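Welcome, and thank you for coming along on this tour. Open your viewer, get ready to select residues, and we will walk from stop to stop together.

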Amino acid sequence: MNIWVDADACPVAIKEMLFRAAARTGVQVILVANHAMRVPALQQVTFVQVEAGFDAADNEIVRRLETNDLVITSDIPLAAEILNHGGLVLSPRGERMTKDNVGPKLNMRDFMDTMRASGVATGGPAALNQADKKAFAGQLDKILAGARRSP
C-alpha cells in the first residue's frame, strides 16, 4: 500500500502525522501538489510537483494509483474517482469515504456549489481541531494495521 496525499490543501498537522507513520511503518507516502513544498528527508516520503492547472494533482494521483492504495483528500469528486479505481480514501478530518457515502457527499457538494453560484454565502469548513486530528490518527492506524494483516 502507498499513501497518496492531495497535498495542496492538506493541513500541515496531517502531513506531519503521515511522515511519522511512514517512518514508523515503512509505508510509502507520496505528496502530490502543484507548488513546491518541503518534505522530510525520509526514504519513505516522496514529493511530486505537477504543473499548475485545474485538477493536475488529482489527475496525477489517479494515474499512478494502484488497487488498495490510500488517498488522503477532502476533494469529493477525487474521492469518488479513487473509489471507482479500487483505492481507499480518508479525509484529513478522519472520515473514511466509501462507495456508500460518497454519492450523498457529491450531491451535497453540488448543491452547495449551486447555492454559492446564486450568491448565497455558505461559509467554508471549520478549522481543523484536536478531535479531527485524533479521528484522522485513529482511522490511519486502523487502515495501516489492516494493510499489514493482508497478504
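One definition before we set off: a residue is buried when its relative accessible area is under 20%, exposed when that area is over 50%, and partly exposed in between, using a 1.4 Å probe and protein chains only. The model is predicted, so local features need pLDDT of at least 70 and side-chain atom pairs count only at pLDDT 80 or more, while totals for chains, interfaces and linings use all residues. Residues are numbered from 1 along each chain as its sequence is written, and side-chain values use heavy atoms, with hydrogens and water left out.

**Stop 1: the largest nonpolar core**

Select Ile3, Val5, Leu18, Val29, Ile72 and Leu140. These have the most contacts inside the largest nonpolar core, which has 24 residues. Such a core is a set of buried Ala, Val, Leu, Ile, Met, Phe, Trp, Tyr and Cys residues joined through side-chain atoms within 4.5 Å.

Now colour the elements that each supply at least two residues of this core: strand 1 (2-6), helix 1 (12-25), strand 2 (28-33), strand 4 (70-72), strand 5 (88-90) and helix 5 (130-149). Helix 1 gives the largest share, 6 residues. Helices (H or I, at least four residues) and strands (E, at least two) are DSSP runs, numbered from the N terminus.

Apart from this core lies another, of 20 residues, and you can find it by selecting Ile30, Val62, Val71 and Ile76, which are among its members.

Next, centre the view on isoleucine 72. Which residues are in contact with isoleucine 72, leaving aside its neighbours within four places in sequence? They are Ile3, Trp4, Val5, Asp6, Cys10, Ile14, Leu18, Leu90, Pro92 and Phe136. Contact here means heavy atoms within 4.5 Å.

**Stop 2: along helix 1**

Show helix 1 by itself. Its 14 residues reach 20 Å from the first C-alpha to the last, close to the 20 Å expected at 1.5 Å a residue; the expected span is 1.5 Å times one less than the number of residues. Buried in helix 1 are Ile14, Lys15, Met17, Leu18, Phe19, Ala21 and Ala22. Just after the helix, look for glycine 26, which takes a positive phi of about 85 degrees.

Is glutamine 44 buried or exposed? With a relative accessible area of 19%, glutamine 44 is buried. Beyond its neighbours within four places in sequence, glutamine 44 is in contact with Ala22, Gly26, Val27, Gln28 and Val29.

**Stop 3: the salt bridges**

The whole structure has 5 salt bridges, each a side-chain nitrogen of Lys or Arg within 4 Å of a carboxyl oxygen of Asp or Glu.

Begin with aspartate 141 and arginine 24, whose side chains meet at 3.2 Å, N to O. Aspartate 141 sits in helix 5 and arginine 24 in helix 1, 117 residues apart. Aspartate 141 is partly exposed at 39% relative accessibility, whereas arginine 24 is exposed at 56%.

Move on to aspartate 132 and arginine 93, which form a salt bridge at 2.6 Å, N to O. This pair joins helix 5 to the loop between strand 5 and strand 6 (96-97), across 39 residues. Aspartate 132 counts as buried at 14% relative accessibility, while arginine 93 is partly exposed at 31%.

Then pick glutamate 95 and lysine 105, with their closest N and O atoms 2.5 Å apart. Glutamate 95 lies in the loop between strand 5 and strand 6 and lysine 105 in helix 4, so the pair ties together parts that are 10 residues apart in sequence.

Finally, select Glu60, Arg63 and Arg64, which are linked in a network of salt bridges.

**Stop 4**

Helix 4 (residues 99-117) has 19 residues and spans 27 Å from first C-alpha to last, close to the 27 Å expected. Glycine 119, with a positive phi near 100 degrees, follows helix 4.

The C-alpha atoms of leucine 128 and proline 11 are separated by 7.9 Å, though the two are 117 residues apart along the chain. Not counting residues up to four places away in sequence, leucine 128 touches Pro11, Ile14, Pro92, Arg93 and Lys133.
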